Amino acid sequence: MSASLSLSQARRIALAAQGLSKARPAGPVSSRAVGRTFAQLQLVQIDSVNVLARSHYLPFFSRLGNYDPGILHSMAGKAPRKMMEYWAHEASFIKPEHFQDLLLWQKRLWVGAHGMDAAVRSEMEERILDTLSASRPMTAAQLTEKLGHDEVPGRDNWGWNWNVVKRVLEHLFEEGRVSAASRTPQFERRYTLTSRVFPGEPTPAADAEGSMDRLIEAAARAHGIGTVRCFADYFRTPLKAGAASVERLVEAGRLEPVSVRGWARPTYRHVESTMPRRAEGRALLSPFDSLVFERRRLEELFGFHYRIEIYTPAPKRRFGYYVLPFLLREAIVARVDLKADRSTGRLLVRATHGETDAPADTAVELAAELQLMAEWLGLGEIVVEPLGGLAPALAREVARTSACPPPEDSPLSGKTDNVVLVSPVD
């Protein structure tokens with residue numbers, strides 16, 4: 001008979017697995033702590049959006065606080081590498097041990113040059129590989145200039161206006177023949193031969209079932225508790241093969257079936273997951289954080305419906321452009337639309353919405369979190385705009401913790417040493 005868990009217990013298991021159940025460590029954050037966090041998450045999604053900070057920087061801030069992002073650059077760019085780029089949930093930093101398993105299961109046929117004329121592609125592949133073998137890592141733009149080849153004859157640019165060099169590079173990246181050695185400050189990949197990044201022969205794993213089992217168990221570790229869909233979605237592996245893997249892992253004693261009150265789907269818990277007596281964490285979560293990957297799971301666990309509205313026309317957005325869920329203890333209690341205005345050194349709080357069951361100390365804790373984030377980002381001021389039901393309370397709390405709070409008769413205007421409270425803009 002499977003164990004029966006309350007929703008609160010399931011939440012605490014999930015938060016512990018993601019490194020979000022405890023208060024952040026005191027003192028400076030070491031590279032070892034960053035490495036442990038990455039090992040726990042198994043992967044970190046990469047995205048080019050830089051409204052607040054690069055998306056792969058944020059999960060470490062959420063779990064560790066004020067840390068040096070340069071640690072990630074070393075982990076991804078210096079041997080022996082602790083992380084490397086490849087397709088997983090989406091474009092992601094992964095543990096190198098997962099690379100050959102993912103090579104077998106990731107089939108991103110829409111990426112790169114699958115529809116390109118075979119002769120054109122083959123010629124360009126050879127030229128790119130020859131060039132990279134004799135050079136330092138290069139960006140797509142540098143390779144385009146070096147090879148003097150821009151467009152596919154008779155064809156329009158594909159995707160994000162990619163030329164033929166970029167398309168073939170992405171094809172080689174998907175096949176695992178080239179990898180990202182690092183990124184430029186403009187977030188461009190510097191490509192190199194995978195043999196210079198991966199410690200071994202970059203070939204797909206030979207054992208399909210063993211490969212899937214390793215990926216599904218890694219996903220289950222990162223979840224602590226979840227469904228087949230949750231585990232398969234983590235590395236974006238096929239659902240049917242993932243279901244068969246879950247059965248094998250149950251039989252092997254690595255996963256155990258459990259029931260969660262209120263959930264109708266079969267649910268599994270990793271045997272090494274932990275369930276703390278209480279959750280004490282506090283974190284602003286990136287829209288691409290692994291805790292919020294699977295939206296259905298997020299809603300079932302926390303009662304929190306979430307979608308990112310970057311691609312939604314501004315008049316149709318409900319909560320804002322770049323909205324971060326705010327986790328407090330074992331609940332997601334608010335959502336905040338944030339922007340780092342680096343030119344003026346300000347953290348802009350464009351809108352602040354509390355959930356209906358948000359606890360009384362939500363504004364207090366959110367203000368402290370925003371102060372920590374501003375410090376991490378090197379921003380000297382916090383600007384709170386009075387949009388959203390939680391904004392007035394947040395503005396008062398941020399003002400209270402500053403040196404010179406604004407006049408009591410105007411809580412949403414004025415200026416302090418490290419906070420600016422403004423009226424809505426037209």
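This is a predicted model: local features need pLDDT of at least 70, side-chain atom pairs count only at pLDDT 80 or more; totals for chains, interfaces and linings use all residues.
Helix α9 spans residues 208-223 and helix α11 spans residues 239-251; their axes come within 9 Å and cross at roughly 80 degrees. Angles of 65 to 115 degrees count as roughly perpendicular, and α9 and α11 are therefore assigned to that class. On the α9 side, the contact is formed by E209, M212, D213, I216 and E217, which meet A241, G242, S245, V246, R248 and L249 of α11. By residue class, this contact contains five nonpolar, two polar and four charged residues.

Among the α9 residues in this contact is D213. Its relative accessibility is 16%. Since buried means under 20%, D213 is classed as buried. With residues up to four places away in sequence left out of the count, D213 touches S245, R248 and L249. The side chains of D213 and S245 are also joined by a polar contact of 2.6 Å.

The contact involves L7, A10, R11, A14 and L15 of α1, together with R297, E300, L301 and F302 of α12. Its composition by class is six nonpolar, no polar and three charged residues.

Strands of a sheet pair through backbone hydrogen bonds, in either a parallel or an antiparallel sense. In the model, an open sheet of four strands has the order β1-β8-β9-β7 and mixed pairing. Its edge strands are β1 (3-5) and β7 (225-226), each of which pairs on one side only. The pairing of β7 with β9 (residues 267-270) is antiparallel and comprises two bridges. Within this pairing, G226 has Y268 in β9 as its bridge partner.

Parallel pairing is found between strand β13 (residues 346-354) and β14, which are joined by four bridges. R346 has E381 in β14 as its bridge partner. Strand β14 comprises residues 381-384 and is covered on both faces. E381 and V383 lie on one side and I382 and V384 on the other, and all four are buried.

Definitions and conventions. Residues are numbered from 1 along each chain as its sequence is written. Side-chain values use heavy atoms; hydrogens and water are left out. Axes are lines fitted to C-alpha atoms, for helices over the stretch in contact, and angles run from 0 to 180 degrees between N-to-C directions. Angles under 35 degrees count as roughly parallel, over 145 as roughly antiparallel, 65 to 115 as roughly perpendicular and the rest as oblique. Contact means heavy atoms within 4.5 Å. Ala, Val, Leu, Ile, Met, Phe, Trp, Tyr, Cys and Pro count as nonpolar, Asp, Glu, Lys and Arg as charged, and the others, Gly among them, as polar. Buried means under 20% relative accessible area, exposed over 50%, partly exposed in between (1.4 Å probe, protein chains only). A polar contact is a pair of N or O atoms within 3.5 Å; within protein, one must be able to donate a hydrogen and the other to accept it, and residues adjacent in sequence count only if both atoms are side-chain atoms. Two strands pair if DSSP finds at least two bridges between them.
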